Amino acid sequence: MRTYIHTFMNDTHSLPDGKGTIRRATKADVPEIVRLHAEDVLGRAREDYRNPLPNAYYKAFEVIDADPKQFLAVLEREGKVIGTLQLTFLPGLTYQGGTRAQIEAVHIDERFRGQRLGEALVMWAVERSKAHGARLVQLTSSNSRTDAHRFYKRLGFEASHIGFKMAL
C-alpha cells in the first residue's frame with residue numbers, strides 16, 4: 001500500500017556543502033515540526049506548542065505517515081530539524097488524468113533563513129514530483145506573506161490562481 005510515493009522517497013537526500021539532509025519525518029520529529037510552525041508569525045495564533053505537545057499532532061502525523069500519497073519531509077542539520085514541508089500527490093481527471101503535487105507548510109527555522117535552505121527543500125520537492133510523474137506542482141501562500149511570494153516566483157512558480165479557504 002505504501003508504494004505510491006514511498007518507493008522512491010525512503011532515502012535521504014544530502015544537500016551540497018554539508019548544509020543538511022532531507023529525509024522522511026518520524027514521530028520523534030513532530031515536536032520540532034510544530035515548533036517551526038509555531039515560531040512563524042501566522043502560526044503563533046493557530047498552533048499549540050507546549051510541553052507535552054497535544055496528542056492531536058501525533059494523531060495527524062500517523063494519518064499522514066500512513067497515507068501513501070503523503071510525504072512529510074524534514075531538513076536536518078547536525079541532528080536538528082531546521083526545516084519542513086509536506087508533499088501530497090493528488091490524482092485527478094484534469095491534465096488528461098494527470099497527478100498534481102501539492103507543497104504545503106514550508107518552514108525553515110528563523111535562525112537558518114537566508115542560506116537558500118528553503119530553496120533547496122522546495123526544489124527537492126519539485127524534483128520528487130517530476131520523478132513521480134506529476135504534471136503540475138502547486139502551492140498556496142497567505143496573502144500577507146509578500147516575502148514568500150517573491151521567493152516562490154524566484155523559483156519559477158507563477159501566481160496563476162486566486163485561492164479560497166473556509167475555516168471550519
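Which residue in E4 is the bridge partner of Leu72?

1. The model is predicted. In it, Gln86 of E4 is the bridge partner of Leu72. The strands concerned are E3, residues 70-77, and E4, residues 80-91, which pair in the antiparallel sense over eight bridges.

2. E3 and E4 belong to an open sheet of six strands, ordered E1-E2-E3-E4-E5-E6, with mixed pairing. At the edges are strand E1 (13-14) and strand E6 (136-139), each of which pairs on one side only. As background, strands of a sheet pair through backbone hydrogen bonds, in either the parallel or the antiparallel sense.

3. Two helices lie across this sheet. Helix H6, residues 117-132, lies across E1, strand E2 (21-24), E3, E4, E5 and E6, and runs at about 30° to E4. H2 lies across E3, E4 and strand E5 (99-108), and runs at about 90° to E4.

4. H2 also packs against another helix. The axes of helix H2 (residues 30-38) and helix H4 (residues 55-66) are 10 Å apart, at an angle of about 105°. An angle of 65 to 115 degrees counts as roughly perpendicular, and H2 and H4 are therefore roughly perpendicular to each other.

5. Which residues of H2 and H4 meet? On the H2 side they are Val30, Pro31 and Val34; on the H4 side they are Tyr57, Tyr58 and Phe61. By class, the residues of this contact of H2 with H4 comprise six nonpolar, no polar and no charged.

6. How many aromatic pairs does the structure hold? The number is three. One of them joins Phe71 and Trp124: the ring centres are 5.6 Å apart and the planes are at 45°, so this pair is tilted. The pair links distant parts of the chain, with Phe71 in strand E3 and Trp124 in helix H6, 53 residues apart. Both Phe71 and Trp124 are buried. Tyr152 and Phe157 form an edge-to-face pair, because their ring planes are at 80°, with the centres 6.0 Å apart. Is Tyr152 buried or exposed? Tyr152 is buried, with a relative accessible area of 10%. Phe157 is buried as well, at a relative accessible area of 17%. The cut-off for buried is under 20%.

Methods: Residues numbered from 1 in each chain as written. Predicted model: local features only at pLDDT ≥ 70, side-chain atom pairs only at ≥ 80, totals over all residues. Heavy atoms only, no water. Axes fitted to C-alpha atoms, helices over the stretch in contact; angles between N-to-C directions. Helix = DSSP H or I, 4+ residues; strand = E, 2+ residues; numbered from the N terminus. Parallel < 35°, antiparallel > 145°, perpendicular 65-115°, else oblique. Contact = heavy atoms within 4.5 Å. Nonpolar A, V, L, I, M, F, W, Y, C, P; charged D, E, K, R; others polar. Pairing = 2+ DSSP bridges. Phe/Tyr/Trp six-rings, centres within 6.5 Å; stacked < 30°, edge-to-face > 60°. Buried < 20%, exposed > 50% of the residue type's maximum accessible area, 1.4 Å probe, protein only.
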